[in-house]
Amino acid sequence: MHMTQTNGLIDFHCHLDLYPDHAAAVREAEAAGVFTLAVTTTPKAWARNLELTRGTRHVRAALGLHPQLVSSRGDEIALWESLLPQTRYVGEVGLDAGPRFYKSLDAQRDVFARVLRACAKADGKIISVHSVRSAKAVLDHVEEHLLQTNCRVVLHWFTGSQSEAKRALALGCYFSVNRAMLESERGSALVRMLPLERMLTETDGPFTEIGRRPSKPSDVAGTIDSLGALLGAPASDLGRAFKENLRRLLVETEVAIR
Ligand code: MN
């Protein structure tokens, strides 16, 4: 039997609380040994996510307020701010200027600015950021609020241009790459220009699919195989590199005790 080795791999953006059985999804990621960043879409989901991940070695919860929910839940930003001291991981946050969410863009900007101001003030936060049709605006916010902090942004499923990606790299951003990005020419070209040391893997499960089922954290093994083919590197080397990137990200965001 062929067994895919998943221990030590990284899924830096997965919505474990949106699977039919949240607790089972956490247990499965933990058993696979995949470092999984369990992003959330509303701060009301934080308490349960924290409870289920508190005792795990590999799964960490992130505190989020999704830009697509800002039109209905923007007033939860105060709750989000009050919970921030409980975690170093933030997400999913960001901006979405796609046609369905364009109308709330002003409100999204206000919320995202409050998120980044709070992160900058607390310092040492790792932030998983959504930037659909808004890469420039997202990077403007990062530049305004996070320079000279020990916060780091990980751009999730980045679909901006190559010049925007270069700007993001200059701002110190990381990129979490999923398999769907590798299925288009444009996405593949973007991934090829990213330095390996700024790359992590993600699934964005359950919003992406493998075959006909929602993807899960251990599916990053397949993403690494695809990346290996794209970049001409052995999957084992990539797995090691991403693990080292996560270690460095944690070091970069360490904040001296004040
Ligand atoms: Mn997501």
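Analyst: In this text, contact means heavy atoms within 4.5 Å. The model is predicted, with local features requiring pLDDT of at least 70 and side-chain atom pairs pLDDT 80 or more, while totals for chains, interfaces and linings use all residues. Residues are numbered from 1 along each chain as its sequence is written, and side-chain values use heavy atoms, with hydrogens and water left out.

User: Which residues does Leu-16 touch, not counting those up to four places away in sequence?

Analyst: Leu-16 touches His-22, Ala-25, Val-26, Thr-36, Ala-38, Val-59 and Pro-217. Leu-16 itself sits in the loop between strand S1 (10-14) and helix H1 (22-32); helices (H or I, at least four residues) and strands (E, at least two) are DSSP runs, numbered from the N terminus. From Leu-16 to Thr-208 there are 192 residues in sequence and 13 Å in space, C-alpha to C-alpha.

User: Is Leu-16 buried or exposed, and why?

Analyst: Buried means under 20% relative accessible area, exposed over 50%, and partly exposed in between (1.4 Å probe, protein chains only). Leu-16 has 0%, so it is buried. Of the 258 residues of the protein, 57% count as buried.

User: How do you know how much space lies in the largest pocket, and what lines it?

Analyst: A pocket is an open set of points on a 1 Å grid over the protein atoms alone, where a 1.4 Å probe fits, with protein on both sides within 12 Å along at least five of seven lines; lining residues have an atom within 4 Å of a point. The largest pocket holds about 370 Å³. Its lining has 16 residues, with Gln-68, His-130, Val-132, Trp-157 and Asp-204 nearest the centre. Strand S4 (89-96) and strand S5 (126-132) each supply at least two lining residues, and S5 gives the most, with three. The lining divides into five nonpolar, eight polar and three charged residues.

User: Why does the radius of gyration agree with a compact globule?

Analyst: With 258 residues, a compact globule would have a radius near 18 Å; the protein has 17 Å, so the value agrees. The C-alpha trace spans about 50 × 40 × 40 Å along its principal axes. The protein has 10 helices and 10 strands. Residues 24 or more positions apart account for 72% of its contacts with a separation of 6 or more.

Notes: Grid points are joined across faces, edges and corners, and a volume is the space filled by probe spheres set on the points. Ala, Val, Leu, Ile, Met, Phe, Trp, Tyr, Cys and Pro count as nonpolar, Asp, Glu, Lys and Arg as charged, and the others, Gly among them, as polar. The radius of gyration is taken over C-alpha atoms; the globule rule is 2.2 Å times the number of residues to the power 0.38.
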